[in-house]
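Here is a short briefing to read alongside the sequence and the 3D view. Please keep both open as you go.

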Amino acid sequence: MYRTMYCGELRPSHIGQKVTLAGWVHRQRDHGGVTFIDLRDRSGVVQIVGNPEVPGAAMIREARVEWVLQVTGMVRRRPEGAENPNLPTGEVEVEVLECEALNPAKPLPFVVNKDEDVDENVRLKYRYLDLRRERMQRNLILRHRVVKFIRDYLDQQGFIEVETPILFKTTPEGARDYLVPSRVHPGCFYALPQSPQQLKQLLMVAGVDRYFQIARCFRDEDLRGDRQPEFTQLDLEMSFVHRDDVLNMVEGLFTAMLPVVAPHKKLLASPWPKLSYTEALERFGTDKPDLRFGMELYDVSDIFASSGFMVFQNTLKTGGVIKCIVVPGCAEYTRKEVDDLTSFAREQGAKGLATLALTAEGVKGTAQKFITSEETAALRERTGAGEGDLILFVADQKTVANKTLSALRLLFRDRLQLADRNTMAFAWIVDFPMFEWNEEEQKWDAAHHPFTMPRLEDLSKFDTDPGSILSDAYDMVCNGYEMASGSIRIHRRDIQFKIFQLLGLKEADIQQKFGHMLEAFEYGAPPHGGIAPGIDRLVMLLADEPNIREVIAFPKNQAARDLMADAPSPATDKQLAELHIRVELPKEEQG
RNA sequence: GGGGGCGUGGUGUAGCGGUUAACAUGCGGCCCUGUCAAGGCCGAGACCGCGGGUUCGAAUCCCGUCGCUCCCGCCA
């Protein structure tokens with residue numbers, strides 16, 4: 001036995017006991033005579049006291065930060081006035097009788113005993129040291145509690161956890177697949193699942209009724225702060241449910257979870273707001289709005305119907321819109337500040353940015369001389385803008401105006417600190433379109449995925465107006481992030497086949513790629529639906545972390561590399577030969 | 001594929017045309033019996049990511065390149 005208890009658990013009730021502890025030297029304070037060490041394990045730290053008169057305590061003085069020590073000693077109350085109220089163990093200390101260095105340590109590449117910014121390269125290369133830091137330990141524990149809560153809660157709700165294969169089949173559409181070559185089937189590849197979508201539906205056909213899984217998913221796309229090539233979803237599926245059955249289940253889960261895992265986080269509203277896809281786009285310019293603050297988008301096209309401003313006039317003539325947001329208290333922005341906003345807007349795809357500043361000295365801004373006082377009055381009336389506010393206009397096609405103003409809205413959220421960190425603004429986005437027109441390939445794509453049930457009342461529009469068909473898909477959003485995506489699924493072969501056809505798949509393709517799904521639907525598939533909340537993003541928000549790498553034990557960097565193990569790395573010739581693979585490296589670009 | 005930001009001792013930063021390249025922390029040594037970010041003294045440690053250019057002179061300005069990061073594209 002290396003230890004009799006954990007460091008962080010020592011309390012006055014242990015006074016007089018002889019204990020053995022094992023852990024890392026968190027800090028050392030050598031006073032020449034008496035020496036103190038804060039000994040750390042996962043549970044916390046406790047002060048160890050080494051007296052010069054005790055021969056067994058000698059090692060205390062030789063030890064350095066992050067050495068691994070085993071210490072045996074007596075628990076005693078700290079001397080009067082020497083208590084540390086900042087430590088849970090601060091009323092007691094352990095007086096060393098014996099101390100052994102289980103393993104010394106070289107000086108670390110960075111300090112782990114305080115929360116200090118360290119270059120992420122270095123952190124990731126020495127991730128096992130980075131994870132020693134209190135912040136990371138806290139995140140790992142929080143993540144564990146979240147997953148534990150999910151398992152317990154869903155178990156009580158009658159769900160069973162089923163594992164599905166990691167080696168599966170490539171699917172057309174969607175994200176790029178990670179492929180795994182087959183040794184025994186030359187030229188054939190497994191794909192790592194982008195999600196267990198098909199498998200969980202087949203579990204419904206199997207009569208599992210309520211399934212869930214803490215599922216690893218893989219997508220070979222470029223990374224972002226909230227995107228890793230492999231990530232974890234709470235994947236769940238339910239039989240004999242309508243949309244609101246799924247929504248209520250999930251809403252109940254997260255509403256119950258919050259006070260248990262993150263009591264300082266508050267729900268914005270209960271029940272959660274429900275917005276249609278169209279409404280979300282109109283009011284916030286995005287289908288994943290941050291509802292913690294206002295600054296909504298206004299369509300003011302009608303106000304400028306007969307505008308003398310050519311930019312506005314031309315936009316309206318070509319079918320575009322004029323939308324705006326009101327930035328509170330920023331009317332006095334300088335020319336440079338406005339220019340910076342304009343370049344930001346251009347980066348988002350807008351042609352430019354028109355501004356109107358309602359200052360104490362009157363109306364200013366780049367659009368001032370083109371906007372009449374009647375139009376300004378109508379704007380004030382429509383948007384509630386008042387003195388001191390800055391109105392930002394984007395005149396463009398609706399998608400561009402929405403995207404640009406949505407990005408500006410988030411920019412000001414951060415700049416003006418409009419969103420409360422401890423509010424979780426969960427909301428549902430519903431009534432998604434079934435299809436989106438793919439301009440590049442001149443075909444219809446599934447807006448959600450091809451297994452989503454279209455609204456039955458819209459089925460007649462299949463051949464005439466696919467773009468107007470709504471689906472039974474839904475997203476869960478929170479604080480500007482898409483936290484989950486789900487839908488009621490198709491359980492009828494005829495509808496599923498028709499969807500595949502509309503997506504441009506040939507009959508032979510359908511059979512080859514999805515024959516197993518279609519066949520399954522012929523053997524009594526129950527109506528079913530589900531959803532898949534992202535665990536990484538959820539924990540990121542709960543932990544107040546700026547990106548999901550902070551809540552993943554061993555994440556990859558933006559170039560999808562593991563800097564610790566240096567993966568990916570080349571395969572040996574022997575490995576490649578076994579897999580019947582020849583590597584052809586990209587040719588160097590000629591300069 | 002494109003755009004922005006960053007790159008200076010181990011770590012975190014300062015310096016932004018002429019400095020023995022500064023400070024903190026960490027590291028090594030010495031002193032110190034009640035500290036808890038312990039303290040004091042001394043010391044070692046960076047050719048300023050790399051390559052080229054401008055200049056009498058470059059960490060500093062310019063170009064290129066590499067790395068990291070944020071964003072756009074992409075992510076059914």
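The surface near RNA strand B is made up of twelve nonpolar, 15 polar and 22 charged residues. Here Ala, Val, Leu, Ile, Met, Phe, Trp, Tyr, Cys and Pro count as nonpolar, Asp, Glu, Lys and Arg as charged, and the others, Gly among them, as polar. A residue is near the strand if one of its heavy atoms lies within 4 Å of it.

This is a predicted model, in which local features need pLDDT of at least 70, side-chain atom pairs count only at pLDDT 80 or more, and totals for chains, interfaces and linings use all residues. Residues are numbered from 1 along each chain as its sequence is written, chains are lettered from A and ligands numbered from 1 in the order in which they are written, and side-chain values use heavy atoms, with hydrogens and water left out.

**Around RNA strand B**

- Among the 49 residues around RNA strand B, Glu 53, Ala 82, Asp 119, Gly 174 and His 448 come nearest.
- Sugar or phosphate accounts for 51% of the atoms of RNA strand B within 4 Å of the protein, and bases account for the rest.

**Positions listed by UniProt**

- Under "binding site", an unreviewed UniProt entry lists Glu 173, Arg 219, His 448 and Arg 489; such annotations may be inferred rather than shown by experiment.
- Glu 173 sits in the loop between β6 (160-161) and β7 (179-181).
- Glu 173 counts as partly exposed because its relative accessibility is 29%, where buried means under 20% relative accessible area, exposed over 50%, and partly exposed in between (1.4 Å probe, protein chains only).
- Leaving out residues up to four places away in sequence, Glu 173 touches Gln 194, Lys 443, Asp 445, Ala 446 and Leu 503; contact means heavy atoms within 4.5 Å.
- His 448 belongs to the loop between β21 (443-446) and β22 (473-478), and it is partly exposed, with a relative accessible area of 24%.
- Beyond its neighbours within four places in sequence, His 448 is in contact with Ala 473, Ser 485, Gly 486, Ser 487 and Arg 489.

**Two more residues to look at**

- Arg 123 lies in helix α2 and is buried, with a relative accessible area of 5%.
- Not counting residues up to four places away in sequence, Arg 123 touches Phe 110, Val 118, Asp 130, Arg 133, Arg 135, Met 136 and Glu 550.
- Gly 56 is found in the loop between β3 (44-50) and α1 (58-62) and is partly exposed at 22% relative accessibility.
- The C-alpha atoms of Gly 56 and Thr 72 are separated by 9.3 Å, with the two residues 16 apart along the chain.

**Domains**

- Chain A is divided into domain 1 (7-103) and domain 2 (293-418), with bounds from an automatic or database domain assignment.
- The centres of domain 1 and domain 2, taken over C-alpha atoms, are 62 Å apart.

Methods: Helix = DSSP H or I, 4+ residues; strand = E, 2+ residues; numbered from the N terminus.
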